Amino acid sequence: MASSSYKYTQTLMGTEVSLILFEPDEIAAQTVFNSIKILEDKLTVNRPESEVMSINLAAGQHPVKVSPPVYSLIEQAVKVSLHFTDYFNLAIGPVVKLWKIGFKGYQVPNSEQIKQQLLLTNPRYIELDANTYSVFLKKAGMKIDLGAIAKGYIADVVKHILHQYHIYQAIINLGGNVLTLGHSPINDNGYWHVGLRKPFSHHNELAGIVKVKNKSIVTSGIYERFFMQNDILYHHIFNPLTGYPLNNELESVTIISNTSLEGDIYSTILYGLGVLKGSEYLKKNRHLSAIFLLKNKTIKLVNCDNFSFQLLDDEYEIV
Ligand code: ADP
Ligand code: MG
């Protein structure tokens, strides 16, 4: 049993990215960080240039050829958007850019502005060409935004890179997206112990600990990026139909799944579905598990065969 762990960290994608290994491997860690940088540069919409920005800037004008991984991620996001129209929409960009939640100049826009931008969010106006890897946004002003899934996709790529270095036991943490590889060499029974942050806590207190083997853990919550105005909390997960932040009984949803991309997609969707519809959905999709934290301080666990949860904060109660 290995006794030491080696932690490598860098600030990337606006968050602290960390990698925990059980044999020192500076080269693998550097390769991971460089790859994350390269992917972030392709996928971001928070800088003037990226592959996704090229698509957005050419909206209403012409298709843009992108690299195969970016094409494949967009293709998957389009599929999800067409299937879960009420909850997930990669074409939500104009709404995100209008509110600027989590960025300088955030605001509550007026309803007319929101209505205008919503007209530019129909995912059916995204034309894909798999032969040329090109993406065309058919209306000027359309913008795709992969913010809900980029980290998930990148975490899975990191896992693949670590496998190439013959590393099969590790934790990758991309700030909200945690991917565990294999079994833990340091904990009883091989379970990884991953902290679940207490919503709105100032000192990174934990609500509890999620115990898993070889799984991804992704959380979407209203406490990650938000602002308050007139006692109303505006957070960064939008209702694609109204253009306003989703308003329901949840503080957060954590998805436990095999891949981080899946976890990222479904944490956003299940946040939107809420606890009742979400639990129904999960009962038919048992490969996904969830931890719902409700505003009334109860916690609901669904499909518990893939994980266990240890409650640490007595303000919450598991129901
Ligand atoms: P984070 O890990 O940053 O908390 P999430 O995975 O919860 O992010 O996704 C939130 C981000 O996804 C937003 O910042 C925005 O860019 C984008 N987004 C917001 N609402 C939606 C939606 N309904 N469908 C798809 N993407 C969304
Ligand atoms: Mg997500």
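## How to read the numbers

Residues are numbered from 1 along each chain as its sequence is written, while chains are lettered from A and ligands numbered from 1 in the order in which they are written. The model is predicted, with local features needing pLDDT of at least 70, side-chain atom pairs counting only at pLDDT 80 or more, and totals for chains, interfaces and linings using all residues; side-chain values use heavy atoms, with hydrogens and water left out.

## The magnesium site

Let us start with the metal. The magnesium ion (ligand 2) is held by Ala148 (O), Asp264 (O), Asp264 (OD) and Thr268 (OG1), at 2.5 to 2.6 Å. Donors here are N, O and S atoms within 2.8 Å of the metal (3.2 Å for Na, K and Ca), and sites may look incomplete because water is not among the atoms. Along the sequence, the donor residues follow the spacing A-x115-D-x3-T. Ala148 belongs to the loop between strand 5 (134-137) and helix 6 (150-164), and Thr268 to helix 7, so the pair ties together parts that are 120 residues apart in sequence. Helices (H or I, at least four residues) and strands (E, at least two) are DSSP runs, numbered from the N terminus.

Thr268 is buried, at a relative accessible area of 9%, whereas Ala148 is partly exposed at 27%. Buried means under 20% relative accessible area, exposed over 50%, and partly exposed in between (1.4 Å probe, protein chains only).

## Aromatic rings

The structure has 12 aromatic pairs. Rings of Phe, Tyr and Trp (its six-membered ring) pair if their centres lie within 6.5 Å; planes under 30 degrees apart count as stacked, over 60 as edge-to-face and the rest as tilted. Phe84 and Tyr266 make an edge-to-face pair, because their ring centres are 6.0 Å apart and their planes stand at 90°. This pair bridges 182 residues, from Phe84 in the loop between helix 3 (68-83) and helix 4 (93-99) to Tyr266 in helix 7 (residues 260-283). Phe84 is buried at 11%, and Tyr266 is buried at 15%.

Phe200 and Tyr223 are also edge-to-face, with 6.0 Å from centre to centre and 65° between the planes. Elsewhere, Trp99, Tyr106, Phe227, Tyr234, Phe238 and Tyr244 come together in one aromatic cluster.

## Salt bridges

The whole structure contains eight salt bridges, each defined as a side-chain nitrogen of Lys or Arg within 4 Å of a carboxyl oxygen of Asp or Glu. One of them joins Asp41 to Arg47, with the closest N and O atoms 2.5 Å apart. Those two residues and Glu40 are linked in a network of salt bridges. Asp41 is partly exposed at 39%, and Arg47 is partly exposed at 34%.

Lys42 bridges to Glu51 at 3.6 Å between the closest N and O atoms; Lys42 is partly exposed at 21%, while Glu51 is buried at 18%. Another salt bridge, 3.4 Å from N to O, brings together the side chains of Lys138 and Glu127. Lys138 lies in the loop between strand 5 and helix 6 and Glu127 in strand 4 (residues 126-129), so this contact ties together parts 11 residues apart in sequence.

## Two backbone details

Met13 is not a glycine, yet has a positive phi of about 55°. Met13 sits in the loop between strand 1 (6-12) and strand 2 (15-21). Asp231, another residue other than glycine, has a positive phi near 65°. Asp231 is in the loop between strand 11 (226-229) and strand 12 (232-235), and is exposed, with a relative accessible area of 78%.
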